[in-house]
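Hello,

Here is the structure I promised to pass on, with the sequence alongside. My notes on what turned up in it follow below.

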Amino acid sequence: MKYIDAHLHINYGGFRKEQIDNYLKDPELEFCLLHTWQELRPSIPSLYQPLPLEDILDIKSQYPDRLVPFFAPDPTDPNWQQLMESALARGVKGCGELKVNLKWSDHALDDYLDFLNKKGLPLLIHMELPRRQFFIEKRSTWDKVLDKWFNNYKNGATRYYTERLIHSTVVLEPWLDSHLVDFAGYLYDFEGLEQRVKEFPNIKFIGHGPHFWNNLGAQLSPKHTYQQGTYHTFGLIDKLLSTYSNFFCDISGYSGWIALNRNHTQTKIFLSRHADKVFYGTDNVFLGQREFIKSLSLGSEIESKIFYKNIVSLIF
Ligand SMILES: [Zn+2]
C-alpha cells in the first residue's frame, strides 16, 4: 500500500541527503513533508538544532514531486510575515514544525495565527512540558552516565527515584540543584491550544510531541518522560479530535510510538474513531510504524486514510 511520510526533517537525527535519496527509492512512498525548526531564543541552546528552509528547498529542487516543504518561522522574529510570504511563493504548503518556547495564550502568536487562518494553512505543532533539565559538561564517562541517569534513562524513572532520594536526604541537594537548568517547554498549554483551535477554524492544527501524546490516556504519572502502561479512559487529545473538525495529529516520533503501544485495543478504537484525522509520519524515527499500523487489522479503508488519503486532502 502506498504511503506518505507527513513528518520528516533533513539533517536531523543523522538523516542527511543520502538517507533521503535512499528513503525515496521506496516505490510505495509517494512523498514526504519536510519541516523546518526555527527558534530564536531556545531556553537550552544545546537542545536546539536549527533546521533551515534553504536545506529543504535545496533537496526539493531535485525531487520536485516527492517533497513538500513546510516552514515555521519563529513567531517572535520581527520578519516572520515577510519570511512566510516569500516561503509560500517558493512552494511551501504549510507551517511546521512550530516548536518554540511560547504558550498558546502568548500574544506573540495572535497575528501569526491570524495570518495562517486567512491563508487556510495547516500548522504542525510540537508540545512538550517545561522541566528542569540535568546539565553537566561531559568530560568523563562518569559525566555521561550521570547525564543519562538524570535525563531520559529508563524513560525518566531513574531520575524520578534518585531525585526523590536526594530530596529526602538533603545532603546532595545543592549538588543536584547546581546541575539543573530550566527548560521552558513548547506550546504545552492545552487550554490555550483549545482556545486557538476555536478562534482560528481555518487553520488545520496537527498535534504531535511528548506532551501531546502523553495525553492519549486521561491519567498522567510524573515518573515517566513518556507515559507508559495501559489506560482505561481516553484523555485530552481524543476530546480535541472528536470536537474540532480542524484538529488533526501525526503518529510520528518516540512519543507517538510509545503512546500507541500502551494498549493495542485502545489504539484500535482511537485510530478507527479518528480515521479521518490521523497522519502517518516518522519524525526521522524508524521503529516499524507501518508494520505496526498494518498489524492492527484496521481494514484497508482506514489504513489508506492514515497512510496517505488524509494528508492528500489536507494539502491539495
Ligand atoms: Zn519533528
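Strands β9 and β10 pair in the parallel sense over two bridges; helices (H or I, at least four residues) and strands (E, at least two) are DSSP runs numbered from the N terminus, and two strands pair if DSSP finds at least two bridges between them. Within this pairing, C249 has V278 of β10 as its bridge partner. Please keep in mind that this is a predicted model: local features need pLDDT of at least 70, side-chain atom pairs count only at pLDDT 80 or more, and totals for chains, interfaces and linings use all residues. Residues are numbered from 1 along each chain as its sequence is written.

Both strands belong to an open sheet of five strands, ordered β4-β5-β8-β9-β10, with parallel pairing. At its edges stand β4 (95–98) and β10 (278–279), each with a single partner strand, so one side of each is left without a neighbour in the sheet. As a reminder, strands of a sheet pair through backbone hydrogen bonds, either parallel or antiparallel.

Next, helix α10 (residues 236–243). Its buried residues are L236, I237, L240 and L241; buried means that 20 or more other C-beta atoms lie within 10 Å of the residue's own, exposed means 12 or fewer, partly exposed is in between, and C-beta atoms are placed from the backbone. Seen down the helix axis, the buried residues of α10 fall within an arc of 130°, so they line one face of the helix; the arc is that of the directions from the helix axis to the C-beta atoms. S242 and T243 are exposed on the other side of α10. Among the elements covering the buried residues are α8 (190–199), β8 (204–207), α9 (210–214) and β9 (247–250).

β1 pairs with β2 (residues 29–34) in the parallel sense over three bridges, and Y3 has L29 in β2 as its bridge partner. Together with helix α1 (residues 17–23), β1 and β2 make a right-handed β-α-β unit: with the strands pointing away from the viewer, the path from the first strand over the helix to the second runs clockwise.

Finally, the domains. The chain is divided into domain 1 (3–130 + 184–315) and domain 2 (133–181), with bounds from an automatic or database domain assignment. Their C-alpha centres lie 30 Å apart.

Best wishes

Technical notes: Contact = placed C-beta atoms within 7 Å.
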